Structures are given as C-alpha cells and as structure tokens.
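Have a look at the model below, and then we can walk through it together.

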Amino acid sequence: MMLHIPGVLSPDQVKSMRARLAATDWIDGRASVGSQGAQVKRNRQLAEGSPLAVELGQVVSAALMAHPLFFSSVLPLRILPPYFNGYAGGEHYGPHVDGAIRAQRSGATVRADVSCTVFLSDPEEYDGGELTVIDTYGTHEVKLPAGDAIVYPSSSVHEVRKVERGERVASFLWVQSMVRDDGRRAMLFELDTNIQALRAQHGDGPALVALTGHYHNLLRMWAET
Ligand code: NI
C-alpha cells in the first residue's frame, strides 16, 4: 500500500532544516548501499550518525510517530534513524529494491517493511526527481509538497528519476512494522479508517464496540512486538 501523509513537518520546521542542511557537508550516497545499489545510486547524503543527521532525524521520527495517519497505516514497531539526501545536476537513484535487513550501529538488526520519504523541497524547486514506485497496479510517480511524506512497501522496485534542474532534498527512512505483511497492514488500515468514520457519524454503539474489538483481535493475531 502506498499512502500520502500530508503535513508531517510544518513550514517552519522545513525551513529550519533546509537552512541547517545547506550549511553542512554531504558525502557520496553510495556509502550506505550494497554492491547492486552502488551501481545505480548517484546522490549525496549526510553521513550516517553525524550529529546533524541524528538531531534532525529525531525531529522527523517524532513528527511521523505523532501523525495519526502514519501510525494507523504503518503500525510502526521500530523506526531506523532517518537519512537526509540531496539530488542535483542529473543525480538520480536507478531502479532497485531496498535490502530486507538493516544492521544498526548497536549491532541490532531491523527488518525494513515500510519505506518512507519526507519531502523537504517543494515540487517547483526542481525538475525531474520523481520517486517512482512499481507495484501490481502499475508505476506511480510521486512528487509531494515540502513537509509531506509518502509510505510504500520496502519490497517494491523503486527509483528516483534524474534531477534536471534545481535541487531535491528529502529525508528517508525505513520502518519495521508490527505487521510484516503489506496486505494485512492495508486491511487493518482500511478497517481502522472506517471505524473512525462511523464513530464520527454515529458515535459509539454496540456494533461499533464489536467492530473495534474485531480490529484489535486481528491486530492481536498478526502483530509482533
Ligand atoms: Ni530505495
């Protein structure tokens, strides 16, 4: 399931992050990929674990965790520290699939179930640079306002197209979900969304209590914690 999550970061948060990112050093994006990714990845990123990446990453993670749509659609168990990347002057990241298991500095491993891009540049700032995700419904091109996020299954083939003008700055992260299967997560999200809509329209009654119970019982059956 792909989902657009609007308003993760406020315009002030985006502005302040962009100013800090513009004033710092970037490294070759190939530092964080395997041999297959290295052949197709051409961009710049903040060094993993650098003080600025850690500080800004905490702001991005906290904003996502506080967003009801992110929580309900992703059911996050562990969020990996966000990366920050920049594309300009023809830089791109060709078609690839993200590695399934990410090793953390502590030695712990996290399974990448959901990939998330938080856009820090507005679409008018650059040409090209679409995030392109291929799934069973076809090819989706994504280019969102600064501060908005997209979540998509880490299992999908995706790419970032060449940036032909301007600069595309974004934050990117992986999440291990409580529910590893994308289809089950999508069903839980749909159920939750409609329970909320019914509650807003009709208030709580016995049927809604039973439906809410059904949601939690499915989560009990499928969740890993
Ligand atoms: Ni990727």
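Is arginine 165 buried, partly exposed or exposed? Arginine 165 counts as partly exposed, because its relative accessibility is 39% (buried means under 20% relative accessible area, exposed over 50%, and partly exposed in between, with a 1.4 Å probe and protein chains only).

## About the model

This is a predicted model, in which local features need pLDDT of at least 70 and side-chain atom pairs count only at pLDDT 80 or more, while totals for chains, interfaces and linings use all residues. Residues are numbered from 1 along each chain as its sequence is written, and side-chain values use heavy atoms, with hydrogens and water left out.

## Salt bridges

Side chains of opposite charge can pair when their charged atoms come close. A salt bridge here is a side-chain nitrogen of Lys or Arg within 4 Å of a carboxyl oxygen of Asp or Glu, and the count by this rule is 13.

Arginine 165 has such a partner in aspartate 127, with the closest N and O atoms 3.0 Å apart. This pair links distant parts of the chain, 38 residues apart: aspartate 127 sits in strand S11 (residues 126-128) and arginine 165 in strand S16 (residues 163-177). Helices (H or I, at least four residues) and strands (E, at least two) are DSSP runs, numbered from the N terminus. Aspartate 127 is partly exposed, at 37% relative accessibility.

## A buried arginine and its network

Arginine 111 meets glutamate 224 in a salt bridge, at 3.3 Å from N to O. Here 113 residues separate the partners, with arginine 111 in strand S9 (residues 109-111) and glutamate 224 in the segment after helix H6 (206-222). Arginine 111 counts as buried because its relative accessibility is 13%, whereas glutamate 224, at 29%, counts as partly exposed.

Arginine 161 and glutamate 159 form another salt bridge, their closest N and O atoms being 3.9 Å apart. Arginine 161 is partly exposed at 29%, and glutamate 159 is buried at 19%. Through shared partners, salt bridges join Arg111, Asp113, Arg180 and Glu224 into one network.

## The cavity

The structure holds one cavity of 30 Å³ or more. On a 1 Å grid over the protein atoms alone, a cavity is a set of points where a 1.4 Å probe fits but cannot get out, and lining residues have an atom within 4 Å of a point. The largest cavity has about 50 Å³ of space, and its lining residues include Met1, Tyr152 and Arg185. Strand S14 gives the largest share of that lining, three residues.

Conventions
On a 1 Å grid over the protein atoms alone, a cavity is a set of points where a 1.4 Å probe fits but cannot get out, and a pocket is an open set with protein on both sides within 12 Å along at least five of seven lines; lining residues have an atom within 4 Å of a point. Grid points are joined across faces, edges and corners, and a volume is the space filled by probe spheres set on the points.
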